[in-house]
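Subject: Structure for you to look through

Dear colleague,

I am handing over the structure below, and after it I have written down what was found there. Please keep the view open while you read, and look up each place as it comes.

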Amino acid sequence: MTDRDVFEYALLRVVPRVERGECFNAGVVVYCRARSFVAARVHLDETKLAVLDPGADVTGVRAALRAVEGVCMGGQAAGQAAPDDAGRRFRWLMAPRSTVVQPGPVHTGLTADPEAEVERLLDLLVR
């Protein structure tokens, strides 16, 4: 049997008009403390975005989603979060915000491969 570690994940939701509360999934963030791993993968469905808000700033939403991926990668792409460890970057990303891209609730699971888990959850819950 393969050793499995606890991981946490949250969906990234696009909320084009915060006042209406309508949203759809556009990404996932996975964190595994035991492996010092944090990663995000995104997939923006522009058709859903246009249905919820025909005047939505697609470029801005894409930039916000890419910024989440950058924070997860660390280094220069993480901006001010660059010196933080994986856990601190994950917690910073999970802090509630009143913006177009918002984190959903954090869930947990077990995995032998956090990188594969990111792709599995993206396929299962986003695409």
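This is a predicted model: local features need pLDDT of at least 70, side-chain atom pairs count only at pLDDT 80 or more; totals for chains, interfaces and linings use all residues.

Which residues of H2 are buried? They are Val61, Leu65, Val68, Gly70, Val71 and Cys72, and what they pack against is a list of several elements, namely the strands E1 (5-14), E2 (24-32), E3 (37-42) and E4 (101-103), together with the helices H1 (46-52) and H3. After H2 comes glycine 74, which has a positive phi, near 80 degrees.

The packing of H2 on H3 can be described in more detail. Two packed helices are described by the angle between their axes and the distance between the axes. Here H2, residues 58-73, and H3, residues 86-94, pack at an angle of about 155 degrees, and their axes are 9 Å apart. Because angles over 145 degrees count as roughly antiparallel, H2 and H3 are roughly antiparallel to each other. On the side of H2 the contact is made by Val68, Val71, Cys72 and Met73, while H3 brings Arg89, Trp92 and Leu93. Sorted by class, this contact of H2 with H3 holds 6 nonpolar residues, 1 charged residue and no polar ones.

Next come the charged pairs. Side chains of opposite charge can pair when their charged atoms come close. How many salt bridges does the count come to? It comes to 10 salt bridges, and I describe some of them here.

- Arginine 17 and glutamate 19 meet through their side chains at 3.2 Å, N to O; arginine 17 is partly exposed, at 31% relative accessibility, whereas glutamate 19 is exposed, at 62%.
- Aspartate 84 and arginine 88 form a salt bridge at 3.6 Å, N to O; aspartate 84 counts as partly exposed, with 24% relative accessibility, and arginine 88 as exposed, with 54%.
- Arginine 127 and aspartate 123 are joined in a salt bridge at 2.6 Å, N to O; arginine 127 is exposed, with a relative accessible area of 55%, and aspartate 123 is partly exposed, with 43%.

Besides these pairs, please look at Arg41, Glu115 and Glu119, which a network of salt bridges links together.

Two places in loops remain. Serine 36, in the loop between E2 and E3, has a positive phi of about 50 degrees although it is not a glycine. Is serine 36 buried or exposed? With a relative accessible area of 60%, serine 36 is exposed, because exposed means over 50%. Proline 54 sits in the loop between H1 and H2, and at 73% relative accessibility proline 54 also counts as exposed. Between proline 54 and proline 16 there are 38 residues of separation in sequence, and in space the two are 9.5 Å apart, taken from C-alpha to C-alpha.

Methods
Residues are numbered from 1 along each chain as its sequence is written. Side-chain values use heavy atoms; hydrogens and water are left out. A salt bridge is a side-chain nitrogen of Lys or Arg within 4 Å of a carboxyl oxygen of Asp or Glu. Buried means under 20% relative accessible area, exposed over 50%, partly exposed in between (1.4 Å probe, protein chains only). Axes are lines fitted to C-alpha atoms, for helices over the stretch in contact, and angles run from 0 to 180 degrees between N-to-C directions. Helices (H or I, at least four residues) and strands (E, at least two) are DSSP runs, numbered from the N terminus. Angles under 35 degrees count as roughly parallel, over 145 as roughly antiparallel, 65 to 115 as roughly perpendicular and the rest as oblique. Contact means heavy atoms within 4.5 Å. Ala, Val, Leu, Ile, Met, Phe, Trp, Tyr, Cys and Pro count as nonpolar, Asp, Glu, Lys and Arg as charged, and the others, Gly among them, as polar.
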